Amino acid sequence: MDIPRYWRLRNQRYRLEGTECTECGEKSFPPRCVCAKCKSDSLQPFRFSGKGTIYSFSTIYQALDTFDKDIPYSIALVKLEEGPLITTQLADISPDEIKIKLPVEMVIRKIYEDGEHGPIQYGYKFRPVLNK
Amino acid sequence: MSKIMKPIRQTGIIGYGAYIPKYRLPASEISNLWRDGQDENFLPIKQKSVPGPDEDTITMSIEAAQNALKRAGTDPQEIRAVWVGSESHPYAVKPSGTVVSQILGIVPDTVSGDFEFACKAGTEAMQAATAFVGSGMGDYALAIGMDTAQGKPGDALEYTAAAGGAAFIMGPAEEAVAVLEGSYSYVTDTPDFFRRAHQKYPEHGNRFTGDLAYFHHIYNAVTTLMEELNLKPSDFAQAVFHQPNVKFPRKKAKDLNFTDLQIKEGLLVDFIGNTYAGASVLGFTAALDKAEPGDRLLLASFGSGAGSDAFSFIVTDRIKKVRSKAPDTQYYVRREEKIDYARYARWRKKIVMH
Ligand SMILES: [Zn+2]
């Protein structure tokens, strides 16, 4: 992803900021301009808690060049506790530990390094909830 | 001249947080590969922590600082300084604190810069944060000591160079979990360990590492601190020293007349390795996790180059209310998954393709 686009989206990727409809309360991630439920355009920023459960998952063994050095890595659809489904990479988990409905939480991790000279992109991933 | 450092406004730690990545490389893996196991009875530690392939000083600083914020209960917008001390900042130019403060919601009303002083970069940031709050320039300042240290493959430092660290929110004494009684820093030009620009791995001047560096600097920092505050070792409930291996802090404690029991809570190196700028501060969060109101705690770092920062803190009643709001240090110490040298070499980019 190019630098300006990553910069524009940084509060989405850094802070899980989406939108909440002021008419019907529907919450969306990524942010929307029009409510998917009631078509209202009265939306305000909403920060998600970062808690959810695994809805579905897959492990990648053949990746794009960007992630070629990271294989195998796992991605998931996570059902956020506020409702939306979000596509994310998983962290701190091996493929055989992943289960549907596993409680997960958002962490900030390195998404990729743009070669030796480019910027380092950070953003959300999800990991199993810490059992402290 | 009074040597003790104490801000005009009483200052302390409002919140603290630890972070250690979950992976561990046993020292025996390194010994088997590079020494055919010949040194297995002389290993400096049992195992060291290793960051996951998507972790670095910035991501780890964020988790430690989130834990500190949970305990402090401070609105991130009220934090006016973000200083990250490390020898493994991901960027040579672009402060780690910029990403950390954006993600934590501290921006834009803040100062931010990186600190670098080998293993004492974290306590250096704590000194600066104390001064910042103590002078009234801001009410809260975030100081972090964090590293993903690297040792040259096969080098003695590879056994111990590890990853982890801690974050502290400094603020007014009335809100503190531990009030600063005073601090003292001792610095000289000593060539015990250094890394030149653009080099991946550090060099160590063998003859300087023990007596002239670690022992000399910590000894002077701690004895001066105690003299100036009229304190003796038995006045401290726990003492935490920089811990490059198990032997050095034990010997240092003995030289200074601290008992093994007094250094017990903060001695983590055998299980997680030397986390460099994170080492003494992680030991300190482990001591805070176990401290009782009224306890006096000593924190003494050491950074090659060389210097030592020594602090005396007194724990307050508030510690009991905030302690359980984030995972304690021992939780992260115990959370572990062992890896082998091959995975470590791949993740830590030890294999270079030309
Ligand atoms: Zn709506």
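In this predicted model, the largest nonpolar core holds 122 residues, and B:Ala129, B:Leu142 and B:Met170 touch the most other members. The element that gives the most to this core is H2(B), with 8 residues. Leaving aside residues up to four places away in sequence, B:Met170 touches B:Thr11, B:Ile13, B:Ile14, B:Met126, B:Ala129, B:Thr130, B:Val133, B:Tyr140, B:Ala141 and B:Ala143.

Taken along the principal axes, the C-alpha atoms of chain B fill a box of roughly 55 × 45 × 35 Å. Of the 354 residues in chain B, 55% count as buried. The contacts of chain B also reach across the sequence: among those between residues at least 6 apart, 78% join residues at least 24 apart.

One sheet of chain B is open and has 3 strands in the order E3-E2-E14, with mixed pairing. Strand E3 (47–50) and strand E14 (337–338) of chain B each have a single partner strand, so one side of each is left without a neighbour in the sheet. Between strand E2 (residues 23–26) of chain B and E3(B), which run antiparallel, there are 4 bridges. A reader who wishes to find this pairing in the structure can look for B:Leu25, whose bridge partner in E3(B) is B:Lys48.

Chain A contributes a sheet as well. This open sheet has 5 strands in the order E6-E5-E4-E7-E8 (chain A), and the pairing is antiparallel. At its edges stand E6 and strand E8 (120–128) of chain A; each has a single partner strand, so one side of each is left without a neighbour in the sheet. On average, neighbouring strands of this sheet are turned by 30° against each other, direction ignored. Within the sheet, E4(A) and E7(A) run antiparallel and are joined by 3 bridges. Here A:Gly52 stands opposite A:Val104 in E7(A). A helix from the other chain meets this sheet: helix H2 (residues 57–72) of chain B packs on it, touching E7 and E8 of chain A, and the direction of the helix makes about 155° with that of E7(A).

This packing leads on to the contact between the two chains. In total, 17 residues of chain B are in contact with 15 residues of chain A. On the side of chain B that touches chain A, the elements giving two or more residues are H2 and H3 of chain B. H2(B) gives the most to this side, with 4 residues. Sorted by class, the side of chain B that touches chain A has 8 nonpolar, 4 polar and 5 charged residues.

Some details of the backbone complete the picture. Most residues other than glycine have a negative phi, and most peptide bonds are trans. In chain A, the peptide bond from A:Ile71 to A:Pro72 is cis, with omega near -10°, and A:Pro72 is found in the loop between strand E4 (51–60) and strand E5 (73–80). In chain B, a cis peptide bond joins B:Val107 and B:Pro108, with omega about 0°; B:Pro108 is found in the loop between helix H3 (96–104) and strand E5 (111–115) of chain B.

Positive phi values also occur. For A:Asp92, phi is near 55°, and this residue sits in the loop between strand E6 (85–89) and strand E7 (103–113) of chain A. A:Asp92 counts as buried because it has 20 C-beta neighbours inside 10 Å. B:Asn230 has a positive phi of about 55° and lies in the loop between helix H5 (209–228) and strand E11 (238–241) of chain B. With 7 C-beta neighbours inside 10 Å, B:Asn230 counts as exposed.

Methods: Residues are numbered from 1 along each chain as its sequence is written. Chains are lettered from A and ligands numbered from 1 in the order in which they are written. This is a predicted model: local features need pLDDT of at least 70, side-chain atom pairs count only at pLDDT 80 or more; totals for chains, interfaces and linings use all residues. A residue is buried if 20 or more other C-beta atoms lie within 10 Å of its own, exposed if 12 or fewer, and partly exposed in between; C-beta atoms are placed from the backbone. Two residues are in contact if their C-beta atoms, placed from the backbone, lie within 7 Å. Two strands pair if DSSP finds at least two bridges between them. Axes are lines fitted to C-alpha atoms, for helices over the stretch in contact, and angles run from 0 to 180 degrees between N-to-C directions. A nonpolar core is a set of buried Ala, Val, Leu, Ile, Met, Phe, Trp, Tyr and Cys residues joined through C-beta atoms within 7 Å. Ala, Val, Leu, Ile, Met, Phe, Trp, Tyr, Cys and Pro count as nonpolar, Asp, Glu, Lys and Arg as charged, and the others, Gly among them, as polar.
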